[in-house]
Amino acid sequence: MDNITNPKVNDYIIDTLKDNQGILKEIEDYGYENNVPIIKKDIASLIEVLIKMNKPKQIIEVGTAIGYSSILMCLASNKEAKIKTFERNPNMAKIAKENIKRAGLSDHIEVIEGDAIENLKMIDTEFDLLFLDAAKSKYMEFYELTEPYLKKGGLILSDNILHKGMVASDDYVIRRQKTIVKYMRKYLDFLCQNDGLQTSLLPVSDGFAISYKL
Ligand SMILES: C[S@@+](CC[C@H](N)C(=O)[O-])C[C@H]1O[C@@H](n2cnc3c(N)ncnc32)[C@H](O)[C@@H]1O
C-alpha cells in the first residue's frame, strides 16, 4: 500500500489547493525533481492554517531537509516566528541554509546541523510549536527532549504517522519496517492517552497528528 488515501480524491485536493509562488515554488520543484521528501501540498496547507490560528512565536522543527517547510512556516507566520530547525545530513543542511538566505530569512530561521537526539538537549527556552518530520522511530525521543519547554496551548505536529498504512494494520507491514511501526504505534498511543494533550490523528498525506498541550 503506497498511498493511504484514495488517489482520485488526493489528486483533486492537490489540484484544487493554491499553488506556491516565488521561492517556495522553486524549492518545492527542486524537492520533487531531486526526490527530497518535503511535505506535500495538503500537509503544507494544513500547517499554514494551524500557524495562522495558533500564531507561534518560537518553533522547533526536527527534519529540515532543504528548508522548504521551515520557510513555509515562517512565511505563514508573516515572519513573526523564529524557527530552530534540526538536520543531521550535512548536504541537506547546506542547501537549506542557502535557500533560507535566498528567502531573506536567515535572521528568522536557524539550521542546527547534527543528530537532533544530541542537539535538542541544547533547548533551554520555551517555545510554542513542535514539528516532527524526521526519523519515525525517534518521535518519542524528540518529544521527550522538547516537551518540558513547550508552552501550554502549544502544538505538536507529527508527520508521516501512518507510514503507508503500515501503522494502522499488520496487513500492510513490510518485514524490515516492523521496528518503525512498533515505535510509531507506541508514540501514537502515548499522544492519544496522555491527559495533558488533546490529540487528533488525520489520514492526510501519509498521516498527520495534531496535539494541543492542555
Ligand atoms: C522528511 S525530511 C524533512 C522534510 C522537511 N520537513 C520539509 O518538508 O521541507 C526528513 C529529514 O530529517 C532528517 N533527519 C532524520 N533523522 C534525523 C535526526 N535524528 N536528526 C536530525 N535530522 C534527522 C533527514 O536527514 C531528512 O533530511
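User: How do H7 and H8 lie relative to each other, and why?
Analyst: In this predicted model H7 and H8 are oblique to each other, because angles under 35 degrees count as roughly parallel, over 145 as roughly antiparallel, 65 to 115 as roughly perpendicular and the rest as oblique. Helix H7 (residues 139-146) and helix H8 (residues 178-193) pack at an angle of about 40 degrees, with their axes 9 Å apart; axes are lines fitted to C-alpha atoms, for helices over the stretch in contact, and angles run from 0 to 180 degrees between N-to-C directions. Helices (H or I, at least four residues) are DSSP runs, numbered from the N terminus.

User: Which residues make the contact?
Analyst: Tyr139, Met140 and Tyr143 contribute from H7, and Met184, Tyr187 and Phe190 from H8, with contact meaning heavy atoms within 4.5 Å. These residues divide into six nonpolar, no polar and no charged, where Ala, Val, Leu, Ile, Met, Phe, Trp, Tyr, Cys and Pro count as nonpolar, Asp, Glu, Lys and Arg as charged, and the others, Gly among them, as polar.

User: What about model confidence and numbering?
Analyst: Residues are numbered from 1 along each chain as its sequence is written, and side-chain values use heavy atoms, leaving out hydrogens and water. As the model is predicted, local features need pLDDT of at least 70 and side-chain atom pairs count only at pLDDT 80 or more, while totals for chains, interfaces and linings use all residues.

User: OK, how many aromatic pairs are there?
Analyst: There are three aromatic pairs, counting rings of Phe, Tyr and Trp (its six-membered ring) whose centres lie within 6.5 Å, with planes under 30 degrees apart called stacked, over 60 edge-to-face and the rest tilted. Tyr139 and Phe142 form a tilted pair, 6.4 Å centre to centre with 45 degrees between the planes.

User: And how is Tyr139 placed against Tyr187?
Analyst: Their ring centres are 5.6 Å apart and their planes at 85 degrees, so the pair is edge-to-face. This pair links distant parts of the chain, Tyr139 in helix H7 and Tyr187 in helix H8, 48 residues apart. Ring pairs join Tyr139, Phe142 and Tyr187 into a cluster.

User: Are Tyr139 and Tyr187 buried or exposed?
Analyst: Both Tyr139 and Tyr187 are buried, meaning under 20% relative accessible area, as against exposed over 50% and partly exposed in between (1.4 Å probe, protein chains only).

User: Switching topic, why is H4 described as largely enclosed?
Analyst: Eight of the nine residues of helix H4 (residues 68-76) are buried, so H4 is largely enclosed by the rest of the structure. Among the buried residues are Tyr68, Ile71 and Cys74, and just after H4, Asn78 takes a positive phi of about 55 degrees.

Note on methods: Helix = DSSP H or I, 4+ residues; strand = E, 2+ residues; numbered from the N terminus.
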